[in-house]
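Thank you all for coming. Please have a look at the sequence and the model as they come up on the screen, and then I will talk you through some parts of them.

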Amino acid sequence: MSALAATRRMRAGALLREVVARPSGAIGVTLVTFHALMALLSPWLVPYDYTAMEATLTLAEPSAAHWLGTDHLGRDVLTRVMLGGREALVITGIATPVAMLWGGLTGVWLGLCGGWPDEVAMRLVDAFLALPGILPLLVLITVFGTGGEVLLPTLAFFFGIPVIRVARAAAHEVVARDFVSAARARGHRPLDIVRHEILPNVTDTLLVEGAMRWSWMLLGFSSLSFLGFGVAPPRPDWGLMISDARVYMSLAPWGVIAPVLALSTLIVGINLTADALAKTLGLDRSRTAVI
Amino acid sequence: MFVMIARRLALGLVTVWLVSVIIFLGVEALPGDACTAILERDAYGEALDACRKALGLETPALHRYLNWAAGVVQGDFGMSANGHESIAQMVGYRVRNSLLLAAGALAVGIPLAITLGVIAGLRRDRWPDLLFSTGAILAMTIPEFVAATVLILIFAIWLGWVPAIVLTPADAPPLDFFPEVILASAVLTMLMIAHVMRMIRASVIEAMASDYVQMATLKGVPYWRVVFRHALPNALLPAINVIALTVAWLLGGVVVVEVVFNYPGLGRLLIDAISGRDLRVVQAITMIVAATYVAVNLVADLLSLMLNPRLRSHQAQRR
């Protein structure tokens, strides 16, 4: 057991080294690490209180006192940008693994067992996926209201549904192989087959899928904030900040540009990391074709 | 072939039916109902009872579902929460406007995406490919509202070339939306090009690596003939399904873009309905989008079935 854990840790380390060895991976990991550190440390680094308003200094230009200027209420933009990713990162950072776990396990189970539960479940998945984009999120928010305690399970639920399909397809490929038939012939229980034969063979796919889902979830979360259904003011959030500052865009473009840059660098960073991860694990389809 | 088509049709209908059940149950699970939303603080005693009776809310849920579903099939979505406008009427112009936006984006986007995708696929890993692919990744990863906001900042505020937002009312004739609609459809076009282009690029690369293309090359067929006669027809076939997905996405996923540009389409109506907790309008819009999604995908499936000789003969053999 300890030997297994050790090889796993080594594998994670080696994987990270290989990902960082690619230019896209190096940039991606740097960006993500920077944002993670910022989210962790920003409460001790920010120059001002994020609710502190200066009535005489609304929509002020960037200056020595306010490096990125102030917003329409005279609050420091730099402070709010530094803090603005925390809620999004925490909520999506928890919701993504939960989504991958329930979606992945359900998908693998369906892929292994098949039969009528599989048929019924896939019809349900199709029905949910027939509502494209953030539409299903919006519907659930109408039903249950907003706030972190609603958003987290909602995001975890919805982003798990497409994972079912991916995990099921990945499991199907494994199930057809000889070692699964052998395990079945030996009389192993389905649960053991899932744990020892199938899961180890689909983790790579799920890892890459998880990284991509994380970036989409961040996108969804900040879109909800932007529409006014996410983080509640006055708490700082990039989506909300862009929505607020948009009105004053012609007077104070920095109020928009700063959160736009912060959000974009984080999402691009996650995508670059996911891309490098996929290539390292040899999962990129267009790479396998040789010209 | 007919069995195949009938099966796809039946599956599509089952999906739409499931969506309707999910949506109905979702709204059913709500604390409060249409009446508490309409009456707000007056929602108690006789007024509440009278309202419930008027809207038929005291009948059992199954009964109400059947009534609602029967109405939806006939294009009747009931009345909106404010009580004096039928939803079918409210939605009519909005659907047209969203279709208008989508049509504009498709007309410009699809040819451009195919051209760029083919160039990127043929010139793989050289500068045109790197340029287009990086651009596509950027367009796909950056949230719609960010891209829209940046475009407004650059083209409407700094350069002043186009209006920033749409102020035309929902029921205006289509031509009145110009030039206000340009920026909104530019954002959609950009996003669509990114998705379709990446798909085309991947399938062009796959086709160029295939045995039949290698065979043709070895036979001495000229390069451009290989590309246009052998590789592209096969590479572009999967694009039908991606384009279908994009069309469905254009109808449902444009919510954010419509809000940013104040465009009076289906998406903005949805946001207004959610803010006003007008559940019947939310139900109606979700049904329309889901049905469109299923229909468009069905058409794409049938189209690629008919265009792909391999699938056709395969099906024939199986029967």
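I will go through the two chains, then where they touch, and then a few single residues.

Please keep in mind from the start that this is a predicted model, and that everything I say about it is computed from that model.

Let me begin with chain A, which has 12 helices and zero strands, so that when you follow the chain from the N terminus you read α-α-α-α-α-α-α-α-α-α-α-α, where an element counts as a helix if it is a DSSP run of at least four residues. Along its principal axes, the C-alpha trace of this chain spans about 80 × 45 × 45 Å.

Now to the packing of helices. In general, two packed helices are described by the angle between their axes and the distance between the axes. In chain A, helix 4, residues 86–113, packs with helix 7, residues 148–175, at an angle of about 35°, and their axes are 5 Å apart. The crossing of helix 4 of chain A with helix 7 of chain A is right-handed, and the residues of this contact divide into 22 nonpolar, nine polar and three charged.

In chain B, we can look at helix 9, residues 211–219, and helix 10, residues 223–236, whose axes come within 10 Å and cross at roughly 150°. How do helix 9 and helix 10 of chain B run relative to each other, roughly parallel or roughly antiparallel? Angles over 145 degrees count as roughly antiparallel, and therefore helix 9 and helix 10 of chain B are roughly antiparallel to each other. On the side of helix 9 of chain B, the residues that meet the other helix are Tyr212(B), Val213(B), Ala216(B) and Thr217(B), and on the side of helix 10 they are Val226(B), His230(B) and Ala231(B). By class, this contact between helix 9 and helix 10 of chain B has five nonpolar, two polar and no charged residues.

Next comes the place where the chains touch, where 44 residues of chain B are in contact with 37 residues of chain A. Among the elements that give two or more residues to this side of chain B are helix 1 (2–28), helix 7 (144–158) and helix 14 (279–307) of chain B. The side of chain B that touches chain A has 34 nonpolar, seven polar and three charged residues.

If we leave out residues up to four places away in sequence, Leu188(B) touches Leu101(B), Ala105(B), Leu250(B), Val254(B) and Val257(B).

Back in chain A, helix 6, residues 135–144, is mostly covered, with seven of its 10 residues buried, among them Leu135(A), Pro136(A) and Ile141(A). Just after helix 6 of chain A, Gly145(A) takes a positive phi of about 85°.

Asp125(B) sits in the loop between helix 5 (87–122) and helix 6 (127–141) of chain B, and because 10 other C-beta atoms lie within 10 Å, Asp125(B) is exposed. Asn262(B) lies in the loop between helix 12 (255–260) and helix 13 (266–275) of chain B, and with 14 C-beta neighbours inside 10 Å, Asn262(B) counts as partly exposed.

Finally, is Val231(A), a loop residue, buried or exposed? Val231(A) is found between helix 9 (190–227) and helix 10 (238–246) of chain A, and because it has 26 C-beta neighbours inside 10 Å, Val231(A) counts as buried. Leaving aside neighbours within four places in sequence, Val231(A) is in contact with Glu87(A), Ser225(A), Asp237(A) and Leu240(A).

Key:
Residues numbered from 1 in each chain as written. Chains lettered and ligands numbered in written order. Predicted model: local features only at pLDDT ≥ 70, side-chain atom pairs only at ≥ 80, totals over all residues. Buried ≥ 20, exposed ≤ 12 C-beta atoms within 10 Å, placed from the backbone. Contact = placed C-beta atoms within 7 Å. Axes fitted to C-alpha atoms, helices over the stretch in contact; angles between N-to-C directions. Parallel < 35°, antiparallel > 145°, perpendicular 65-115°, else oblique. Nonpolar A, V, L, I, M, F, W, Y, C, P; charged D, E, K, R; others polar. Left-handed = near helix turned anticlockwise from the far one by under 90°.
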